[in-house]
Number of protein chains: 4
Amino acid sequence: MTDKTDITPEVAVAIDRLRQEVARLHAELLRWRLVVWTAGNVSARVPGADLMVVKPSGVPYDELTPEAMVVTDLDGRLVLGDRPASSDALSHAHVYRLMPEVGGVVHTHSTYATAWAARREPIPCVLTMMADEFGGAIPVGPFALIGDDSIGRGIVQTLAASRSKAVLMANHGVFTVGTDAQAALKAAVMCEEVAKVVHLSRQLGDPKPLDPAAVDRLFERYQNVYGPSAPGATARPAD
Amino acid sequence: MTDKTDITPEVAVAIDRLRQEVARLHAELLRWRLVVWTAGNVSARVPGADLMVVKPSGVPYDELTPEAMVVTDLDGRLVLGDRPASSDALSHAHVYRLMPEVGGVVHTHSTYATAWAARREPIPCVLTMMADEFGGAIPVGPFALIGDDSIGRGIVQTLAASRSKAVLMANHGVFTVGTDAQAALKAAVMCEEVAKVVHLSRQLGDPKPLDPAAVDRLFERYQNVYGPSAPGATARPAD
Amino acid sequence: MTDKTDITPEVAVAIDRLRQEVARLHAELLRWRLVVWTAGNVSARVPGADLMVVKPSGVPYDELTPEAMVVTDLDGRLVLGDRPASSDALSHAHVYRLMPEVGGVVHTHSTYATAWAARREPIPCVLTMMADEFGGAIPVGPFALIGDDSIGRGIVQTLAASRSKAVLMANHGVFTVGTDAQAALKAAVMCEEVAKVVHLSRQLGDPKPLDPAAVDRLFERYQNVYGPSAPGATARPAD
Amino acid sequence: MTDKTDITPEVAVAIDRLRQEVARLHAELLRWRLVVWTAGNVSARVPGADLMVVKPSGVPYDELTPEAMVVTDLDGRLVLGDRPASSDALSHAHVYRLMPEVGGVVHTHSTYATAWAARREPIPCVLTMMADEFGGAIPVGPFALIGDDSIGRGIVQTLAASRSKAVLMANHGVFTVGTDAQAALKAAVMCEEVAKVVHLSRQLGDPKPLDPAAVDRLFERYQNVYGPSAPGATARPAD
């Protein structure tokens, strides 16, 4: 029996590909203005192994090359790489351990979503694009301090009670999940956009709620067309 | 008698030109920050045929080359192209079928306009640039689910009762029309800008309404200078 | 006696230089996000002549080369150029005729400033950078329709009653003046920035007013260091 | 005994390095949208000397090369350079004189932070990233006019009563300090971001306060991992 943290040749190939992918997606965090300075990170589960590829600690985004990415096991212990993993790696690892269907995790403090998180208020589902992507409101997770499994547990428990792929961690920021890292990034982009639209809409009155049956129809249709079960389509764009 | 969905040599030349144009205008959607991820699309009617050029489904904006654009008939059936048309193509097609004067359609979920749409509240005409471009308030269309003609019908009925080239679809987003795709894009850019200015103005008090006679004079002057009847000028910029 | 609209060799040299300058400053309008689409324009008075260099009508910003800029007299009549002048040229010309100290004019519909203009509300002077640049509140001019001298008269009368180099035209947008076009552009950039800061500050309470004596001291110091009488320094940046 | 404003060979090497660094950081002010026009400046203390490297007065950011940077003593008197120092140099110098642990100072009028400053209202600590970076609320300093030590004194007194590295000067703007110029820039970036998030959060209700014990734990952990006492880590990014 093979140790699931062994680097077999197949796993090595997957790691190479995911280092490219995770490095590229950090640039996307900046492109979509989800982070300032370096306050965000992306990880990807390594298929066929109990490993993940994640951002190293203390490296400016301009230096986030594929080679700089590190590999840890799902307890957050460094397996490959010249630097320690991001201090958020423990939270990512916890999600992968508990949610086998998740292939990618993104963490941001994106501006409008974090403003909702500071009030510990879920974002209500008043937009068809929210129904499509999140299937309802975006929920709020507990307040938790960094340093142990608290944040990871809060993410997993909150997502378990929702169809949403995004969770607002109280007074902190956003975590999103996806079948791969690109899908998690898309959820992070959409989460910030709907956080902004609903914020603005609420400033001048009350957005009209969507009928729950309409939310269900939109979510089911969208997940069939673009979702995990559509061939090769987990991160396919909405048109 | 020729089938209006035949690709005659003249039509083939027009399709080549419009594929270039429609691809270019998708980049403009990003440039003017009207979309995040890939949540927007542009189409153009093919002159002399019952056809349109439209975005394919499931292609990231970075890969939206002219060759990637697809051609459908005005029932949304694929005529040319390697991929299915955008899932919004049915709505675009409906507009072309019912509004012969329309040569271009743009769909976005641009941020401020969608915030008005979530409240199902028209944008009041309190700016000279709104009078110029839209001739009055920007109206709200019905809530409609994607999948059949509902959205297209809502767009056409709402625009028929207004001088506006833009409509806010309830809890959804924006559709704009123009004599060509460039003109529809201009309307989408101006719709988001006036949605933002009027939103901000309302946050701190009540914008002063424009006298309807002034709105009429501005709209008539602007349409004469820049509008459909001015030679070669449908999408000429405001100075 | 020479006609002040004659193109002497000295004037031709100045026109060449100003076409470069005015073309460059249109790109700055976009850089500082003062305009969407092409809804803004810059002009410069030709020293030693009753002429101005101004944006042509109907040219996208990407094509605004120095050669595309046109020259009119101070009644707005075309003197040099292949296209008609911007439809706002009459307003610019009126300012140059009535205000001999003005060497540059900028017109925008910049977002936050236009939001104040839609309420016809002056921007109160609650920031040291407003005192520096504008010497007090930014005033509101009358509602005026395009097409004759009405806008120009409104600008001149409003600026005459204020130390401000910027005026918010009611329900319309912003005009700024300067000793040259670069100084007018700086005023347009600063006007939008203070419009935004004071807007935001007012959203959550009442900004503290500045003592008028402090406003006077800041304005006088700044104009001496950076203002018209400082050698070669009309558009020198604030540090 | 050497005069601490002498340019020894070691000091000359440090100055060369810091001119590069300070020039680069001015470009970062624009990149992170902390300034419009040229309304911001960065300085760095020269190690081993009573000197600082600072922005010259009246130079557009596009021309802010390393060579253009000037050197002054800690009374703000020019020691090296072709131009006068920024008119804010006196305030920077005062900070270096009174706060020996400070190696870099940044001054901006960043938009959201200045909106709080205009109300003379501290930014409450309701985000984990505020606890990390600032250890509590961001305080407000007194209203002070430019021209003497008033601003510098206000900065020093306000920072002395707080763990924050940022201070909002009343009706004016932001000053931040750090162990070097890069750390001060990071504080300026984070100050504007938290100013924006808390502003937005407050617009729709009351952000939940953080427990002071949690603030302490976050601040202490973060300063140990990324702070002055961590090896080579003063400006290390948050992950």
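How many residues does the contact take from chain A and from chain D? Select both chains and you'll find 36 residues from chain A and 34 residues from chain D. Keep in mind throughout that this is a predicted model.

**Stop 1: where chain A meets chain D**

Stay with that pair for a moment. About 3100 Å² is buried between chain A and chain D, and carbon and sulfur atoms give 61% of that area. The interface has 11 residue pairs in polar contact, both partners being at pLDDT 80 or more. On the side of chain A that touches chain D, colour α3 (111–119) and α6 (181–203), the elements that give two or more residues. Helix α3(A) gives the most to that side, with 7 residues. By type, the residues on this side of chain A divide into 15 nonpolar, 14 polar and 7 charged.

Zoom in on R31(D), which sits in helix α1 (residues 9–31) of chain D. Buried or exposed, or in between? R31(D) counts as partly exposed, at 36% relative accessibility. If you set aside neighbours within four places in sequence, R31(D) is in contact with L30(A) and D62(A). Within its own chain, the side chain of R31(D) also makes a polar contact of 3.1 Å with that of E28(D).

**Stop 2: a helix tucked away in chain D**

Next, select residues 111–119 of chain D, which is helix α3. Why call this helix largely enclosed by the rest of the structure? Because 9 of its 9 residues are buried. Among them are Y112(D), W116(D) and R119(D). Show what surrounds them: the buried residues of α3(D) pack against β7 (166–169), β8 (173–178) and α6 (181–203) of chain D, and also against α6 (181–203) of chain C. Step just past the end of α3(D) and you reach R120(D), which takes a positive phi of about 55°.

**Stop 3**

Chain A and chain C have no contact, and their closest C-alpha atoms lie 11 Å apart. Chain B and chain D don't touch either, with their nearest C-alpha atoms 11 Å apart.

**Stop 4: chain A on its own**

Hide everything but chain A. Its secondary structure comes to 7 helices and 8 strands, and its C-alpha trace spans about 55 × 35 × 30 Å along the principal axes.

Now select helix α2 (residues 89–98) of chain A: 7 of its 10 residues are buried, so the helix is largely enclosed by the rest of the structure. H92(A), H94(A) and Y96(A) are among the buried ones. Around them, the packing partners include β1 (41–45), β5 (104–108) and α5 (150–160) of chain A.

Hop over to chain B for a look at H92(B), in helix α2 (residues 89–98) of that chain. H92(B) counts as buried, at 0% relative accessibility. Its contacts, not counting residues up to four places away in sequence, include M52(B), H107(B) and F175(B).

**Stop 5**

The structure holds 44 salt bridges over all chains.

- E133(A) and K186(A): their closest N and O atoms are 3.4 Å apart. The pair joins helix α4 (residues 128–134) to helix α6 of chain A, 53 residues apart. Both E133(A) and K186(A) are buried.
- D149(B) and R97(B): this salt bridge is 3.4 Å, N to O. D149(B) is in the loop between β6 (140–141) and α5 (150–160), while R97(B) is in helix α2 of chain B. D149(B) is partly exposed, with a relative accessible area of 25%, and R97(B) is partly exposed at 34%.
- D216(D) and R163(D): here the N to O distance is 2.8 Å. D216(D) belongs to helix α7 (residues 212–226) of chain D, and R163(D) to the loop between α5 (150–160) and β7. D216(D) counts as partly exposed at 31% relative accessibility, and R163(D) is partly exposed at 35%.

Technical notes. Residues numbered from 1 in each chain as written. Chains lettered and ligands numbered in written order. Predicted model: local features only at pLDDT ≥ 70, side-chain atom pairs only at ≥ 80, totals over all residues. Heavy atoms only, no water. Contact = heavy atoms within 4.5 Å. Buried area = accessible area lost by both parts, 1.4 Å probe. Polar contact = N/O pair within 3.5 Å; in protein donor to acceptor, adjacent residues only side chain to side chain. Helix = DSSP H or I, 4+ residues; strand = E, 2+ residues; numbered from the N terminus. Nonpolar A, V, L, I, M, F, W, Y, C, P; charged D, E, K, R; others polar. Buried < 20%, exposed > 50% of the residue type's maximum accessible area, 1.4 Å probe, protein only. Salt bridge = Lys/Arg side-chain N within 4 Å of Asp/Glu carboxyl O.
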